[in-house]
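Here is a short report on a two-chain model.

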Amino acid sequence: MRSYLMIMGLFISGFNGLSFNVLAETAEEKGLAIAVEADKRDTGWGDQRAKLVMILKNRFGQESRRENRNKTLEVEGDGDKTLIVFDSPKDIKGTAFLSFTHALRPDEQWIFLPALKRVKRISSSNKSGPFLGSEFSYEDISSQEVEKYKYKYLRDEKINGRDTFVVEAIPQYKKSGYTRLINWIDKERYQPLKTEFYDRKNSLLKTLIYSEYKQYLNKYWRASRMDMQNHITGKSTRLEFLEYKFRTGLKDRDFNRNALKRAR
Amino acid sequence: MFTKLLFIFLLIHIQFSYAAEWSGQLGIESRIFTEAAAFSGQEGDSNSIFFQPEFYYESESGNDSFTFVPFARLDQTDNQRSHADIRELTWVKVQNDLEWRVGIRKVFWGVTEAQHLVDIINQTDTVENPDGEDKLGQPMVNLSYITDIGTFDVFILPYFRERTFAGKKGRLRSQPYVDTSTTFYESADREKHIDYAFRWAHSISEWDVGLSYFNGTSRTPRFVLGKNSSGETVFNPYYDLIEQFGLDIQATFNSWLWKLEAIHLSGLGGSGASNFIGLTAGLEYTFYSVIGEATDIGLVIEYLYDDRGITIASPFQNDIMFGLRFNLNDEQSSEALFGMIKDMDFDSALYFIEASRRLGESFKITIEARQYSNIPVNDILHAYLKDDYIQLELSYYF
């Protein structure tokens, strides 16, 4: 219902110039409309798999590398289900992470510890903590749902020759490490090109650059590379997504505790 | 045993080498005891090496997989701690809502940290670590049925694995030591008695619940004073046939984890109670990113109870465990756990530290320490009183 209203909002905004601003759209409405459109365009992909390489760089330029494989199941009307299996570093090989994400209520998360063969339900309150020691926090890698933020359109801007909407997003879920995010959304693809993260003191904490976009199934755009720079610590993390596959036939039953135990 | 393992190892390598992978762990460990041994025959510090390769093969569909994990440790002082085992040799077959697991495996049940009462499928490999978390591979046929109202498991366990115990020269043993060359069973079929078990487990929003039933040879033996073949006085293990009902519940509310494990065990012979109730109940709370950029601190409190009271059977009849967990969330995955288990009936306490950190990309260093303090004579841990130790382990992962 909510998204229907927003699409209406977007529709109405098209007439703004002609109607003497009688139906003037506020910056908040426009921001939300952009988020809803981005969400709409990224609906219907079903499931996806990808290999992910994380390269962590400390302030001295020393690198360490992590590899994992992700499976994601799109859940319409709720957050996605994700299963991540770690391949390296070797001491955590076989460790697997299962997450049922939700828009506003807490995510459900389990971790499988291969040495003990133990599946552990873990707290999902750790939104702002680092994922695997990287500059990405749990909330950065979680499923992005429209309801998670309040939006405000700020301006138009060109980056790297592409036209973007600059939209502020304020987290509405609990325990976020951010006061706000600023997203640069590609006007043609409705995908982010850049995000700035502002910490609880509202100072710039991190910048994320999305690049090497590729289109899949003639519809869905995915960045093959993401570079997160932490401005406070000088550390950075690069994510490289390899071998994206869509509609591979994953089902609900590939995302339960038993599946976690045999994930490899 | 070693040659048998080597043979299987080579055979598998030839059979599957085209679509499979090897990984594993090779480590050295040093245990330093802070006091002189309590009993004659026991030696001091010990060094050992261990090797645990892992072979994994998965069919193209992902519906069939095969895992082989042999394990071996060579210990400088205790010939009982030098041992080999097949941790896993399993074939997994997935057919829609059914999953078959056939072979030797390890299964974990439960939610608590201080002790694992509900977890009964595998035998404890005590010589590996007195914390009881190392397990011997258990032969089984396991069928899982996955439904919307939870996962139902059936286990047929055709062969029993005896618990490992430190030998005469080893530390962390009873006095007299346990001689496993003469083991008694209630069942005439001895270790070939066929055990079975059922389990139902389900997750409903914040709740993770498990119910289990086990019927077969007790994993925990009683001890009978006797003589071994060389005429020494020793303890001989005696394994009863038991029935155990288990319940485990975890509720996850934001940063709070509420945990409960309870068992009802019946069928114990001997002079003590033939049945009892045991439970572990507690909670865990984590403060996220409280120190520096990312360090989490977790608090764990658990109450341990056994209604047999003060007997030799269990050291945790009325005890409280406190744990403090530090997780640095750094590139090296540095973490540390400080804990104590305090006995509420006596002054005794068990203190422990476990800490680890990755070195580079392929090595990991682990430090463990245990201290047994004021353990009374009628507590099963009394024999460990002089066995406080610090353990260093360096592992290479490939």
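Chain A has a mean pLDDT of 89, and 91% of its residues reach 70 or more. pLDDT is the predictor's confidence in each residue, from 0 to 100. This is a predicted model: local features need pLDDT of at least 70, side-chain atom pairs count only at pLDDT 80 or more, and totals for chains, interfaces and linings use all residues. Residues are numbered from 1 along each chain as its sequence is written, while chains are lettered from A and ligands numbered from 1 in the order in which they are written.

One stretch needs care. Over residues 1-22 of chain A, pLDDT stays under 50. The model has 21 contacts beyond four places in sequence for this stretch. Two residues are in contact if their C-beta atoms, placed from the backbone, lie within 7 Å. Where pLDDT is low, the predicted coordinates should not be read in detail.

**Domains of chain A**

Chain A splits into domain 1 (2-35) and domain 2 (47-261). The bounds come from an automatic or database domain assignment. The C-alpha centres of domain 1 and domain 2 of chain A are 29 Å apart. Eight residues of domain 1 of chain A contact eight residues of domain 2 of chain A. On the domain 1 side, helix H2 (residues 27-41) of chain A gives the largest share, seven residues. Helices (H or I, at least four residues) and strands (E, at least two) are DSSP runs, numbered from the N terminus.

**Nonpolar cores**

A nonpolar core is a set of buried Ala, Val, Leu, Ile, Met, Phe, Trp, Tyr and Cys residues joined through C-beta atoms within 7 Å. A residue is buried if 20 or more other C-beta atoms lie within 10 Å of its own, exposed if 12 or fewer, and partly exposed in between; C-beta atoms are placed from the backbone.

The largest core has 29 residues. A:Ile34, A:Ala35, A:Tyr151, A:Val167 and A:Ile185 touch the most other members. H2(A) supplies the largest share of this core, six residues. Domain 1 (2-35) and domain 2 (47-261) of chain A both give residues to this core, so it lies between them. Not counting residues up to four places away in sequence, A:Tyr151 touches A:Glu28, A:Gly31, A:Leu32, A:Ala35, A:Val167, A:Glu168 and A:Ala169. A second, separate core of 18 residues includes B:Leu172, B:Val234, B:Leu304 and B:Phe316.

**Chain B and its interface**

Chain B has one helix and 21 strands. Its C-alpha atoms fill a box of roughly 60 × 55 × 45 Å, taken along the principal axes. Buried residues make up 37% of the 398 residues in chain B. Among contacts in chain B between residues at least 6 apart in sequence, 55% join residues at least 24 apart.

How many residues of chain B are in contact with chain A? There are 37, and they meet 26 residues of chain A.

**A loop glycine**

A:Gly234 sits in the loop between E12 and strand E13 (236-246) of chain A. With 12 C-beta neighbours inside 10 Å, A:Gly234 counts as exposed. A:Gly234 and A:Asp140 are 94 residues apart in sequence and 18 Å apart in space, C-alpha to C-alpha.
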